[in-house]
Amino acid sequence: MLITLEGLDGSGKTTVWEALHDVYPDAVFTREPTESWYGDAVSRSMSDEDADPLAELFLFTADHADHLSRVVRPALDAGKLVVSDRYSDSRFAYQAATLSRTDVTRPLEYVQGIHAAFSRPPDATVYLDVDPETAASRAGATNKFERAEYLAEVRDNYEELIDANPERFVRVDATEPPEDVVEMVERSVERLVREHDRRE
Ligand SMILES: Nc1ncnc2c1ncn2[C@@H]1O[C@H](COP(=O)(O)OP(=O)(O)OP(=O)(O)O)[C@@H](O)[C@H]1O
Ligand SMILES: Cc1cn([C@H]2C[C@H](O)[C@@H](COP(=O)(O)O)O2)c(=O)[nH]c1=O
């Protein structure tokens, strides 16, 4: 089963991802961008204010393709629970926001279309919901994406994704104190795994 954690920068994904390690010691914990050389290329692009938005989309997507074939698919084939801190929805929400400043028409559909041929959708996604101002202030503006105005557009894209797939997403109020957020996520993941196991 593949569970992904999504949300704006600073929403607390890494905090809950780390907490889940203790609860699911046999699971595979992974993240995007990855630590491969594809992930290094992504980091270089993120630190370049003038990076071409399409080139940047394809760097993130190359990193995803490598992540899928090297980590995610083998773990799923071995029957493991996989928990990924960011996954394809990050591309849909973030790169669609970046591409909205270009000539690309219907960027959200465009980015989803690129993934349709090869990606493996998550079985469930926990969305840590936080307003863009809180997100930007928690994240500390360490990269070009961590600005409230841009994050507002990213959040709108996440909302479109949730509206289109309400059964896949679990929304958690990430403005609550960290220990409450961790507890809510742990309870949600426990239920998702139980329901998935019952269906299998
Ligand atoms: N519920 C919370 N309330 C207040 N602060 C929080 C909460 N969750 C996390 N934080 C703090 O916000 C900062 C970002 O948290 P974290 O790294 O878990 O978020 P993230 O979503 O992984 O961010 P990024 O996408 O930027 O890596 C950290 O300083 C963390 O301690
Ligand atoms: C996977 C992915 C990530 N991003 C952005 C979102 C964040 O600003 C950074 C990753 O930082 P984090 O601290 O590891 O969360 O990259 C993106 O724009 N598109 C993506 O597909």
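Reader: What makes the Thr15 side chain a polar contact of ligand 1?

Author: In this predicted model, a polar side-chain atom of Thr15 lies 2.5 Å from an oxygen atom of ligand 1. The cut-off for a polar contact is 3.5 Å between N or O atoms, so the pair qualifies.

Reader: How much of ligand 1 does the protein cover?

Author: On its own, ligand 1 has 640 Å² of accessible area. The protein covers 65% of that.

Reader: How many residues surround ligand 1, and which are the closest?

Author: There are 16 residues around ligand 1. Gly10, Lys13, Thr14, Thr15 and Glu176 are the closest.

Reader: Which helix gives the largest share of the shell around ligand 1?

Author: H1 does, with 3 residues. Helix H1 spans 13-23, and helix H8 spans 178-199. Each supplies at least two residues of that shell.

Reader: What is the make-up of the shell around ligand 1 in nonpolar, polar and charged residues?

Author: The shell around ligand 1 has 5 nonpolar, 5 polar and 6 charged residues.

Reader: Now ligand 2. What makes Asp9 a polar contact there?

Author: An N or O atom in the side chain of Asp9 is 2.5 Å from an oxygen atom of ligand 2. The limit is 3.5 Å, so Asp9 counts.

Reader: Which side chain lies 2.7 Å from a nitrogen atom of ligand 2?

Author: Gln95, through a polar side-chain atom. Arg91 has an N or O side-chain atom 2.6 Å from an oxygen atom of ligand 2. Both distances fall within 3.5 Å, so both pairs are polar contacts.

Reader: How much of ligand 2 is buried?

Author: Taken alone, ligand 2 exposes 480 Å². The protein buries 85% of that area.

Reader: Why is ligand 2 said to sit in the largest pocket?

Author: The test is that more than half of a molecule's atoms lie within 2 Å of the pocket's grid points. Ligand 2 sits in the largest pocket, so it passes that test.

Reader: Which residues surround ligand 2?

Author: Among them are Glu32, Pro33, Met46, Phe60, Arg86, Tyr94, Asn143 and Phe145. The shell divides into 5 nonpolar, 3 polar and 4 charged residues.

Reader: Which helix contributes the largest share of the shell around ligand 2?

Author: Helix H4, residues 88-99, gives 4 residues.

Technical notes: Residues numbered from 1 in each chain as written. Chains lettered and ligands numbered in written order. Predicted model: local features only at pLDDT ≥ 70, side-chain atom pairs only at ≥ 80, totals over all residues. Heavy atoms only, no water. Near = heavy atom within 4 Å. Polar contact = N/O pair within 3.5 Å; in protein donor to acceptor, adjacent residues only side chain to side chain. Areas by Shrake-Rupley, 256 points an atom, 1.4 Å probe, with all protein chains shown as cover. 1 Å grid on protein atoms, 1.4 Å probe; cavity = no way out; pocket = protein on both sides within 12 Å on 5 of 7 lines; lining within 4 Å. Nonpolar A, V, L, I, M, F, W, Y, C, P; charged D, E, K, R; others polar.
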